[in-house]
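Dear colleague,

Please find below the sequence and structure that I am handing over to you. My notes on what was found follow directly after them.

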Amino acid sequence: MRSTSTLWILVGFPAFVAAGPALRDHQSHSCHGARGLRRVRAIERSTINLLKTLTRARYRVDVRGHAEKDELSLSAEDLETILVGEDSANRLRGPVETEWEGNVDGLALQEADGLRGRHSFNPAYRQYIPPPQHFRIIHASVFLRHGDRTPISKTVGTALDASGDADFWASLLPDATKQDLWDELNPVIPKDIASRPYDYGKAPFGQLTRTGAMESERVGTEIRNRYVGSLLPEKVDLDSIKARTTNMRRTQQTMQNFLLGLYPADLRDPDNNEIPIKTQPMRQESLVPNSGHCPAYSYRSKIVAEEAKETPRVTKIDRQLMRGLGYPSGGIRWAQAREVLTCYLLQGRELPNNLTADDIDAIGEVNGFIWGAQFTDSTVARLSTGRLFAEVFSDFELAIDDPDDCNKMSLYSGHDSTLVPLLAALGVYEGQWPPYASYIVIELAESTKTGDHWVRVQYNNEELLMMDGFWNRYEDFSNYMGYYVLTDEEHKIECAAKDGSEDLEVHVSDLSDTLK
């Protein structure tokens with residue numbers, strides 16, 4: 001007799017998922033094609049999450065086959081192999097189950113952290129999964145979102161004016177003594193640019209808080225525990241690290257504190273204790289979409305966003321919440337409302353219109369949905385991430401050519417508007433807003449058995465399923481992402497494309513909305 005815990009799945013479903021690689025071989029990069037591909041990926045991720053749950057519960061997975069009316073009974077291991085390939089299936093078995101069990105404590109901690117656990121990421125919430133024993137990490141690119149901050153905007157419609165709380169927000173900022181230490185150990189260069197960040201003179205608004213500094217250092221400690229002594233040397237070696245940030249005070253401070261976690265001050269050589277952080281003018285920045293300097297991006301992203309705003313999912317929240325906050329019809333600023341209200345919520349400040357934490361989550365979900373629509377558009381994703389992916393692949397190629405004499409880790413400090421486009425271009429963005437102190441890590445590994453190279457993408461310590469598994473051959477990954485790679489010159493040409501954008505006036509406020 002069959003157990004009541006048996007799960008029945010049509011064999012056609014895994015067969016469709018297993019056909020993913022073949023589908024991708026013929027996949028165009030049109031807007032329609034990109035969305036279709038993401039639906040395949042979403043099915044794969046959902047299935048793997050299901051498999052994890054089933055394996056943890058030690059359920060038996062049976063697949064009913066209809067070919068010749070025979071029943072086909074497969075184990076969970078067999079089904080995993082069908083879905084993600086033998087190598088990735090082997091990764092699911094073995095050490096992963098220990099990791100899932102270990103996450104029980106992490107989930108309890110996240111729940112105990114309450115609102116902070118919903119809006120900031122702590123590496124203790126989810127354990128890092130080491131690579132297979134025969135994989136040697138030879139490079140890692142790490143993309144950070146800044147930690148907790150004060151509101152950027154001063155208003156939410158007509159319902160809230162944050163300028164009246166300026167003294168409170170100022171009380172949350174790091175003191176000058178700490179800032180002097182950060183600047184001494186991790187100076188941002190060139191100084192003439194770094195000393196006049198894009199948000200210069202706007203304090204206390206849009207600034208990293210003491211909590212945000214702590215969160216960023218904690219992520220640095222996580223990366224230290226993971227890589228120092230293996231990928232990175234025990235002592236600071238400037239040839240091993242490349243660090244850069246957008247020219248915003250909060251992202252500068254985020255990187256400074258991350259580096260204090262990666263290489264604590266008391267463990268640095270007094271004669272070699274500086275780790276410089278590079279920045280550049282905003283017009284050259286590739287860590288954010290940079291709408292003010294790419295008219296084609298701004299034009300296309302606005303069209304897609306307007307389409308998304310007309311969907312019932314958005315208009316319902318529009319009517320229920322946003323009109324009550326004093327936003328006019330057609331003039332709702334979702335990102336503004338989300339970012340300001342989140343700051344008030346986390347600091348226990350009174351919310352307007354008797355809003356609740358669930359209301360703010362609903363606004364965030366709509367904001368995430370709109371951004372998802374924008375950045376899963378292939379043109380928007382390409383213009384948003386192309387130059388950054390070019391930098392990633394350049395570092396990978398150098399590491400492959402000479403893994404013992406290259407930059408080992410590339411560090412980038414940015415925003416939610418850094419992480420969301422990257423996740424969307426990778427095909428793994430699921431509409432959830434990145435919490436404070438979130439991070440993406442793209443690892444490049446060399447097999448000590450075969451000498452070939454593999455890539456894995458992680459988001460907040462979670463392995464992301466791409467193509468045929470969690471680990472994918474470098475050549476496949478490179479081909480898969482090739483459409484999104486742009487040189488500076490290609491980006492310049494495409495940004496100037498005349499798609500009606502010559503009639504579009506780009507305002508500074510457009511750029512501000514991409515720097516949350």
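Leaving aside its neighbours within four places in sequence, with which residues is I440 in contact? In this predicted model, I440 meets S141, V142 and F143, then L419, L422 and L423, and finally V457, Q458 and Y459. I begin with this residue and its surroundings, and then turn to other parts of the chain.

The nonpolar core

I440 belongs to the largest nonpolar core, which holds 46 residues. Together with F143, F396, F477 and M481, I440 is among the members that touch the most other members. Several elements give two or more residues to this core, including strand 3 (135–145), strand 10 (439–447) and strand 11 (453–459). The helices that do so are helix 13 (295–309), helix 16 (357–375), helix 17 (378–401), helix 18 (416–426) and helix 19 (474–481). Helix 17 gives the most, with 10 residues.

Two residues in this region deserve a separate note. T385 lies in helix 17 and is buried, with a relative accessible area of 2%. Not counting residues up to four places away in sequence, T385 touches P421, L422, A425 and Y484. A424 is found in helix 18, where its relative accessible area is 0%, and A424 is buried. From C-alpha to C-alpha, A424 is 10.0 Å from R382, although 42 residues separate the two in sequence.

The chain as a whole

The chain has 516 residues, of which 55% count as buried. Its secondary structure comprises 21 helices and 13 strands. Of the contacts between residues at least 6 apart in sequence, 78% join residues at least 24 apart.

Confidence

The mean pLDDT of the chain is 81, and 76% of the residues reach 70 or more. For residues 49–74 the pLDDT is below 50, and this stretch has 59 contacts in the model beyond near neighbours in sequence. Residues 78–102 also have a pLDDT below 50, with 56 contacts in the model beyond near neighbours in sequence. Where pLDDT is low, the predicted coordinates should not be read in detail.

Helix 9 and helix 12

Two packed helices are described by the angle between their axes and the distance between the axes. The axes of helix 9 (residues 176–185) and helix 12 (residues 249–262) come within 10 Å and cross at roughly 70 degrees. Helix 9 and helix 12 are therefore roughly perpendicular to each other. On the side of helix 9, the contact involves Q179, W182, D183 and L185, which meet R249, Q253, Q256, N257 and L260 in helix 12. By type, the residues of this contact are three nonpolar, four polar and two charged.

W182 also has a contact with P174, a residue in the loop between helix 8 (166–170) and helix 9. P174 counts as buried, at 18% relative accessibility. Besides W182, P174 touches L208, T209 and R210, not counting residues up to four places away in sequence. The C-alpha atoms of P174 and L208 are separated by 7.9 Å, while the two residues are 34 apart along the chain.

Backbone features

Most residues other than glycine have a negative phi, and most peptide bonds are trans.

The bond from I189 to P190 is cis, with omega near -5 degrees, and P190 lies in the loop between strand 6 (188–189) and helix 10 (191–194). The bond from A203 to P204 is also cis, with omega near 10 degrees. P204 is placed in the loop between helix 10 and helix 11 (210–227).

The other two concern asparagines. N290 has a positive phi, near 65 degrees, and is located in the loop between strand 8 (277–278) and helix 13. N354 has a positive phi of about 55 degrees and sits in the loop between helix 15 (334–346) and helix 16. Which of these is buried and which is exposed? N290 is buried, with a relative accessible area of 2%, whereas N354 counts as exposed at 73% relative accessibility.

With kind regards

How values were computed:
Residues numbered from 1 in each chain as written. Predicted model: local features only at pLDDT ≥ 70, side-chain atom pairs only at ≥ 80, totals over all residues. Heavy atoms only, no water. Axes fitted to C-alpha atoms, helices over the stretch in contact; angles between N-to-C directions. Helix = DSSP H or I, 4+ residues; strand = E, 2+ residues; numbered from the N terminus. Parallel < 35°, antiparallel > 145°, perpendicular 65-115°, else oblique. Contact = heavy atoms within 4.5 Å. Nonpolar A, V, L, I, M, F, W, Y, C, P; charged D, E, K, R; others polar. pLDDT = per-residue confidence, 0-100. Core = buried A, V, L, I, M, F, W, Y, C linked by side-chain atoms within 4.5 Å. Buried < 20%, exposed > 50% of the residue type's maximum accessible area, 1.4 Å probe, protein only.
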